[in-house]
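Here are a few notes to read alongside the model. Have it open as you go through the points.

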Amino acid sequence: SFFRKRSGPFPAISCCCKMAQPQNFDYFCVLDFEATCEQNSKLHPMEVIEFPVVLLNAATLEVEAEFHHYVRPVVHPTLTPFCTELTGIQQEWVDAAQPFPEVLGLFLRWWQEQNLGQPGRTALFVTCGDWDLKTMLPAQCQVSHVALPQMLTRWANLKKVYKDFMLGAMPRGMTELLDGLGLTLSGRHHSGIDDSRNIAQVVAELVRRGCVFEYTWPYPPKHKPKPKPMPAP
C-alpha cells in the first residue's frame, strides 16, 4: 500500500488522427477496483480488495501520482483460489491491509493532498465500465456503514467514451480498448493498479486523437423542451 508520485513522462504513443483538444477537466482519475469473487457464483456481498487510482494530467498526459492500497475484506476474509488466480492478490496482502473505511479515509486524504477539486485542479473519474462506481462502491459503502463520497458519484465510462468517439460497437473490456487503439497490455490483467495504468494509456491515446472527455454518469441531461406559449387571453 502506498502513495506514489510519477516524475517521468507518460509513454509516447503513436497517433495518426486529429490533434488533441482542450479538455473540460485538468486531471483524469483512473480507477479500477478489484473485489472478492468466486468461479461460477457470486459472493454476497462482494468486497473491495484493491483500491487503485492513477492521476493523469489532462494537458501533459503524464501520470503525476498514484494511490494504491489493498483492502482487508471482513465478511469473506479468506480469498478464494479463483480470486487469487484471477487478480494475483495474495491472502497475506489483504490480511496485512486495513479494512475499507480506513482505506477510503486514506484516499480522501490523498485527494486533499493533491488539491483535487480545486480551481485549476478539477478532476474527472474514469472507469472501464460503470460497475466500479455505480455498483461496487455504493454496495461497499453500505456494507462498511460509511457515506458515499460526493466526488465518486459522477464519472466517465471509458467504454462508452470510446464507442461514441470511434463510432463503433461498445467494447467488451479493457483488452479490446487496447487492441482497438494499437496499444500493448502492460503488467497483469485484473491487477487493479496495472489495469488502471493501462486504462490511463487508453485515455491518453483518445485525448491525442482529439477526444474530449465528459461525464457519462449521471447521463448528460437531454435538451430541455421549449416552454409552451401562454394561451391568448
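1. First, the term for the opening point: on a 1 Å grid over the protein atoms alone, a pocket is an open set of points where a 1.4 Å probe fits, with protein on both sides within 12 Å along at least five of seven lines, and lining residues have an atom within 4 Å of a point. The largest pocket here is lined by 23 residues, and Asp-32, Phe-33, Glu-34, Trp-131 and His-190 lie nearest its centre. Its volume is about 440 Å³, counted as the space filled by probe spheres set on the points.

2. This is a predicted model, where local features need pLDDT of at least 70, side-chain atom pairs count only at pLDDT 80 or more, and totals for chains, interfaces and linings use all residues. Numbering starts from 1 along each chain as its sequence is written, and side-chain values use heavy atoms, leaving out hydrogens and water.

3. Have a look at Glu-34, which sits in strand β3 (residues 34–35); strands are DSSP E runs of at least two residues, numbered from the N terminus. Yet Glu-34 has no salt bridge, meaning a side-chain nitrogen of Lys or Arg within 4 Å of a carboxyl oxygen of Asp or Glu. The nearest side chain of opposite charge, Arg-188, is 8.8 Å away, with Lys and Arg counted as positive, Asp and Glu as negative, and His and the chain ends not counted.

4. Strand β2 (residues 27–31) is largely enclosed by the rest of the structure, because five of its five residues are buried. Tyr-27, Cys-29 and Leu-31 point one way, Phe-28 and Val-30 the other.

5. What does β2 pair with? Five bridges join β2 to the antiparallel β4 (residues 48–57), and four join β2 to the parallel β6 (residues 123–127); pairing takes at least two DSSP bridges.

Definitions and conventions:
Buried means under 20% relative accessible area, exposed over 50%, partly exposed in between (1.4 Å probe, protein chains only).
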